[in-house]
Amino acid sequence: MSEDRPADQTDVRMDDDLALRPEREATVGSAGGREPRGDRRREERRGDRWRGERRRGDRAMVPEADFRSYYGLPVLNEPTWHDYDIAGYLFLGGLAGASSILAAAAGVTGRPRLARAGKVGALCAIGGSFYALIHDLGKPSRFVNMLRVFKVTSPMSVGTWILSAYGPQAGLAAVTAVTGRFPRLGRAASAGAGLTGAAVATYTAVLVADTAVPLWHDGHRELPLLFAGSAMAAAGGLGLLAAPLAEAGPARGTALLGTALEAAAYLRMERRLGPVAEPLRRGKGRLVRLGEGLSAAGALLGATAGRRSRAAAVAAGAALLAGSACTRFGVFHAGIASANDPAYTVEPQRARLAARERQRNGVPE
């Protein structure tokens, strides 16, 4: 300790006098000493310290937080779903539901071969969808256990019951169409499968949007329309592949309408989500753009050359099916990418908090 100052004088000062040891300053409050405890508590209640706002004369003791990770880890846990199982489940379920609707319409309008193709295709697709789902669950009993309750607020519970109601009707419709036996029962099953098919084709969009995955959650408005359009395009493609040219008119119309709906929903979602939609434009998320291109090419080919050429109709149908599959796989992988990047979780939350703050303060957007 220096000889030219009193022994009880310390190096650390609580005021603004830095004459003794400027390199060991400890100025944390206003001049004149420690701030009153009551004032400090009132300031903390206002949230100034958490927002990084400081009073004049204060110094930041720690750098501003950057919530890009949690101790080097993503904010959200990555979904444990397997890509081929769940993405395949999304695609095959949409194909099955839309094919049942197309088959029911074809049966009413007197197109038996198109109706039979739609019913058989729907049965095969829903069988593959069941297999993919149960394979991802690990045990068939886990699917059966979900039937023990019906919870209307749970998309998984509702979807399980939708599949359970749809599957037997789709199977019965296909069997009666192939064997030609029990036509009345077959027509009733076809109508029932067509009614529940709309829910089968779109409920998976509600299912994934009910998660915390940023892309799926924030895109909850457009995903059902996107999945519906993709399912219609796939069903139209199956009809073009399997039905003769004379009966393929509804399949061509379904493919055109589905492609247009899918493109409009995707464009709307991309614009509305802004930065959150970035995973759709990179990595495996670009499969969505590829799917749109294949669906558009298939729909146009089927509507033009596919009217006269069987080879063109087959090519159009294959392009439509491939496009629908790319769309489902692309949406799946883009959602996983958005969950792995904390920026897509934190930045939208900050934007919503700022918007609510402006609304409370009466500040216009």
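Select residues 155-179 and 183-209: these are helices H5 and H6, which pack at an angle of about 150° with their axes 7 Å apart. The axes are lines fitted to C-alpha atoms over the stretch in contact, and angles run from 0 to 180 degrees between N-to-C directions. Helices here are DSSP runs (H or I, at least four residues), numbered from the N terminus. H5 passes H6 in a left-handed crossing (the near helix is turned anticlockwise from the far one by less than a right angle). Colour that contact by class and you get 16 nonpolar, 8 polar and no charged residues; Gly counts as polar, and Asp, Glu, Lys and Arg as charged.

A word on the model: it is predicted, local features need pLDDT of at least 70, side-chain atom pairs count only at pLDDT 80 or more, and totals for chains, interfaces and linings use all residues. Residues are numbered from 1 along each chain as its sequence is written, and side-chain values use heavy atoms, with hydrogens and water left out.

Next, pick Ser338 in helix H11 (residues 310-340). Ser338 counts as buried because its relative accessible area is 0% (buried is under 20%, exposed over 50%, partly exposed in between, with a 1.4 Å probe and protein chains only). Its side chain reaches the backbone oxygen of Gly335 at 2.7 Å, and a polar atom of that side chain lies 3.3 Å from the backbone nitrogen of Leu215.

Last stop, the cysteines: Cys124 is exposed at 55% relative accessible area, whereas Cys326 is buried at 15%.

Note on methods
Helix = DSSP H or I, 4+ residues; strand = E, 2+ residues; numbered from the N terminus. Polar contact = N/O pair within 3.5 Å; in protein donor to acceptor, adjacent residues only side chain to side chain.
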